[in-house]
Amino acid sequence: MVIAHQNFRDEEYFKPRQVFDRNGFNVTVCSSKPGTAVGKLGAKVEPDTTIDSVKAEDYDGLVFIGGGGSSEYFNSAVAHSLAKEMAAAGKPVGAICVAPMTLANAGLLNGRSFTAFPSVVEQIKAKGGIFADVGTVQDGLIITADEPGSAEQFGRDFARMLH
């Protein structure tokens with residue numbers, strides 16, 4: 001799970017994380033730098049590692065958590081490379097809220113159905129994404145969700161892809 005170091009969306013992290021924990025998944029949380037990451041609503045999370053030290057071959061799936069701070073990954077070569085490597089290896093890649101922008105900028109939503117928070121929908125469509133106005137969308141091994149209210153369903157859908 002990739003979270004912004006500042007201003008990730010708390011529910012978009014905690015709700016899928018609870019689903020992953022209930023399913024017995026070993027979750028690694030990464031951020032852009034070491035130290036406590038702080039959510040928009042004040043949650044504090046200690047990342048296990050930094051995104052630049054994550055290797056695709058060590059993980060079964062990748063999730064980008066939204067919130068305003070997730071824009072730090074929109075144009076990140078490290079984030080794009082990791083997402084593309086995971087997808088190329090046939091592993092599920094997910095993003096919620098505004099975080100699908102990272103996948104779009106990595107070229108992973110071109111010609112694919114997606115959903116996202118309204119503020120980034122037009123930009124993703126301009127990158128070739130096909131918008132679906134629903135809570136969660138799965139297209140192949142790419143899954144996207146639109147907002148905090150869809151976070152638990154996003155977690156369940158992503159977990160299903162890992163089974």
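Leaving out residues up to four places away in sequence, Pro47 touches Val29, Cys30, Ser31, Gly35, Thr36 and Ala37. Before I go on, please keep in mind that this is a predicted model.

So where does Pro47 sit? You'll find Pro47 in the loop between strand 4, residues 44–45, and strand 5, residues 49–50. Is Pro47 buried or exposed? Its relative accessible area is 17%, and since the cut-off for buried is under 20%, Pro47 counts as buried.

Now let's step back to the whole chain. It holds five helices and eleven strands. The radius of gyration is 14 Å, close to the 15 Å that the globule rule gives for 163 residues, so the chain is as compact as a globular protein of that length. Along its principal axes, the C-alpha trace spans about 35 × 30 × 30 Å.

Rolling a probe the size of a water molecule over the atoms shows where empty space is left. In this model, the largest pocket holds about 390 Å³ of space. It is lined by 20 residues, and the closest to its centre are Asn26, Val27, Tyr59, Asp60 and Gly61. Which helices and strands each supply at least two residues of the lining? Those are strand 6, at 62–64, helix 2, at 77–88, and helix 5, at 151–162. By residue type, the lining divides into 15 nonpolar, three polar and two charged.

Let me turn to the backbone for a moment. Most residues other than glycine have a negative phi. Here are two residues to look at with that in mind. Asn7 has a phi near 70°, a positive value in a residue other than glycine. You can find Asn7 in strand 1, residues 6–8, and at 33% relative accessibility, Asn7 counts as partly exposed. Then there is Cys97, with a positive phi of about 70° although it is not a glycine. Cys97 lies in the loop between strand 7, residues 93–96, and helix 3, residues 100–105.

My last stop is Ser113, in strand 8, residues 113–114. Ser113 counts as partly exposed, at 26% relative accessibility. Which residues is Ser113 in contact with, leaving aside neighbours within four places in sequence? They are Ile130, Val137 and Asp139. One more distance for you: Ser113 and Gly68 are 45 residues apart along the chain, and 23 Å separates their C-alpha atoms.

Methods
Residues numbered from 1 in each chain as written. Predicted model: local features only at pLDDT ≥ 70, side-chain atom pairs only at ≥ 80, totals over all residues. Heavy atoms only, no water. 1 Å grid on protein atoms, 1.4 Å probe; cavity = no way out; pocket = protein on both sides within 12 Å on 5 of 7 lines; lining within 4 Å. Points joined across faces, edges and corners; volume = space filled by probe spheres on them. Helix = DSSP H or I, 4+ residues; strand = E, 2+ residues; numbered from the N terminus. Nonpolar A, V, L, I, M, F, W, Y, C, P; charged D, E, K, R; others polar. Rg over C-alpha atoms; globule rule 2.2 N^0.38 Å. Buried < 20%, exposed > 50% of the residue type's maximum accessible area, 1.4 Å probe, protein only. Contact = heavy atoms within 4.5 Å.
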